[in-house]
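Please look over the sequence and the model shown here before reading on.

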Amino acid sequence: MSSRSLLSDRPVFVVGTGLHPYQRRSETTYVDLGITAVRAALVDAGVMWPDIEAAYTGTALLGMGSSRIMLSRLGATGIAMTQVENASASGSSAVAQACLEVASGRSDVVLALGVDKPRGGLGAAPGQAGIPNLEGGSIVPFTHFALLASEYMDLHGVSDEQVARVALKNHRNGSLNPFAQRQKVRTLEEILSEPISGSLTRLQCCPVGEGAAAVIVASEDGIKRLNLDRSRAVQVLSSVTRTEGLYGEGVGIDAALTAETGMAAFEEANVDPSDIDVLEVHDAFAIEELLYAEALGLCKPGEAASRVESGDFDIGGSCAFSPSGGLLAMGHPIGPTGVGQIAEIVSQLRGEAGDRQQPEARVGMAHMVGIGAVCVVHVLRCE
Amino acid sequence: MTDPPVMVGHRCAICLRIAFPPDPYGCEKCGALATELDEFELEAKGSVRAVATVHRHHHPSPSTPFTVGVVELVAGPVLKAIVEGEAVAVGDSVIGVLVDGEDNDGNPVVDLHFQVVT
Ligand SMILES: [Zn+2]
């Protein structure tokens with residue numbers, strides 16, 4: 001691995017973000033979803049569409065050729081447009097590609113967009129790989145995570161109720177987010193009702209709806225040339241993508257993959273886990289926040305449940321976890337999710353997050369995992 | 001009690017990695033061709049590391065509720081499978097049983113489940 005970081009040689013900044021609310025599947029077209037988010041990001045950045053030099057669209061479910069159909073409605077400027085598919089991390093990978101494009105010097109101002117309209121079923125490649133699988137159809141993702149919850153609770157003496165408190169917090173955060181699919185404060189009793197698999201209940205599983213999220217990234221030169229507001233630009237310190245290795249029998253792959261990706265991201269960013277003030281993690285299922293808090297080194301193994309219970313991971317705590325509501329409450333429309341995480345972190349680091357503001361947030365992180373398994377982590381900092 | 005069924009996995013002749021189920025493409029550890037992978041028999045016997053009872057399922061089969069476990073085989077590999085019975089707990093010893101079932105299209109299949117050894 002190269003020790004030199006493109007992102008330190010030619011710094012990349014997020015200069016604008018925009019969202020279309022995450023919502024249940026509706027009649028809204030993906031074009032409408034996408035351009036709503038992009039127009040909001042252009043306004044936020046103070047950038048005109050013809051200033052955008054390339055676009056990456058994170059989408060897993062739209063099918064071929066969505067970018068140009070959508071984005072030419074803003075003006076058919078003829079720029080390079082590319083769809084990026086990386087399962088649940090598709091949006092995160094679109095951001096990664098946009099950052100790379102700017103860091104490489106090829107472009108100064110680039111769009112990363114995430115948009116999707118799930119049609120039921122994920123059409124995931126692993127099922128068609130021709131690799132035999134004893135589990136058949138009986139073990140779907142929520143059962144995979146229910147089994148991880150069982151193992152975690154048994155190992156650390158953690159109760160169902162303690163795991164459910166992750167969802168309690170994230171639903172509360174989501175209630176403050178006008179772009180969240182779920183905006184209701186829930187009681188612990190509500191969260192513990194409606195079992196799905198093992199200790200996981202409906203409200204401890206993320207909703208998969210539709211939506212869009214956009215971020216615009218720019219170089220120092222781009223910021224100067226377009227006379228953008230430097231004080232609102234948030235630097236991307238690191239962008240790391242890894243895939244699952246062999247971790248030894250029985251080792252939880254999601255946490256092991258998160259640990260090595262996170263470590264590489266901290267190293268590239270030259271920050272420590274203790275520097276993180278705010279982060280968005282892939283909390284598709286409540287147990288995941290506990291697993292990843294520990295895997296990322298934000299607390300000791302076995303300690304995450306008590307940290308959630310004490311309020312340490314609340315907005316206003318030592319480190320705010322998923323202030324947007326996370327996948328559990330803001331939602332997980334697949335393509336947009338990873339881009340929306342960056343939008344939330346940028347809003348936090350700019351100090352513009354309103355009721356959801358983590359006080360004095362300076363360093364933030366966004367983390368996604370996806371089927372495969374893949375993991376993408378970004379670390380950002382405001383000056 | 002009858003002997004547990006034997007599961008056929010593979011062992012890589014190059015790096016000795018044991019895997020189940022056998023892989024038709026190659027070794028995930030060293031990248032050896034599938035022709036380097038030898039059949040390797042594993043006893044369907046182990047213990048439960050994690051357990052979850054499934055209450056909601058997208059397909060009619062298996063009917064809910066059913067219980068899924070992470071089973072650590074005595075021979076090393078760890079796998080997930082249906083564990084039969086009501087009160088399956090972490091740490092329980094289990095053996096494999098072959099069960100007639102149906103796939104999602106209603107075709108008959110033989111599944112490997114586990115059951116608790118009392
Ligand atoms: Zn091998």
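The sections below describe two interfaces in this predicted model.

## Domains of chain A

## The interface between the domains

In chain A, 43 residues of domain 1 are in contact with 36 residues of domain 2. Between these domains about 2900 Å² is buried, and carbon and sulfur atoms give 67% of that area. On the side of domain 1 of chain A, the residues that lose the most area to domain 2 are Tyr22(A), Ser88(A) and Val234(A), which together account for 26% of what that side buries.

Polar interactions also cross this interface. There are two salt bridges between domain 1 of chain A and domain 2 of chain A, and the side chains of Arg232(A) and Glu352(A) meet in a salt bridge with an N to O distance of 2.7 Å. Ten residue pairs are in polar contact across the interface of the two domains of chain A. The elements that give two or more residues to the domain 1 side are strand E1 (12-23), helix H4 (90-103), strand E4 (109-116) and strand E7 (210-219) of chain A. The largest share, nine residues, comes from E1(A). By residue type, the domain 1 side comprises 22 nonpolar, 16 polar and five charged residues.

## The interface between the chains

The contact between the chains involves 34 residues from chain B and 28 residues from chain A. Together, chain B and chain A bury about 2500 Å², with 62% of this area on carbon and sulfur atoms. Arg49(B), Arg56(B) and Lys80(B) supply 26% of the area that chain B buries against chain A, more than any other three residues.

Two salt bridges are counted between chain B and chain A. Glu151(A) forms a salt bridge with Arg49(B), with the closest N and O atoms 2.6 Å apart. Nine residue pairs are in polar contact between chain B and chain A. On the side of chain B that touches chain A, strand E4 (45-54), strand E5 (66-73) and strand E6 (78-84) of chain B each give two or more residues. E4(B) gives the most, with six residues. That side of chain B divides into 21 nonpolar, six polar and seven charged residues.

Notes:
Residues numbered from 1 in each chain as written. Chains lettered and ligands numbered in written order. Predicted model: local features only at pLDDT ≥ 70, side-chain atom pairs only at ≥ 80, totals over all residues. Heavy atoms only, no water. Contact = heavy atoms within 4.5 Å. Buried area = accessible area lost by both parts, 1.4 Å probe. Salt bridge = Lys/Arg side-chain N within 4 Å of Asp/Glu carboxyl O. Polar contact = N/O pair within 3.5 Å; in protein donor to acceptor, adjacent residues only side chain to side chain. Helix = DSSP H or I, 4+ residues; strand = E, 2+ residues; numbered from the N terminus. Nonpolar A, V, L, I, M, F, W, Y, C, P; charged D, E, K, R; others polar.
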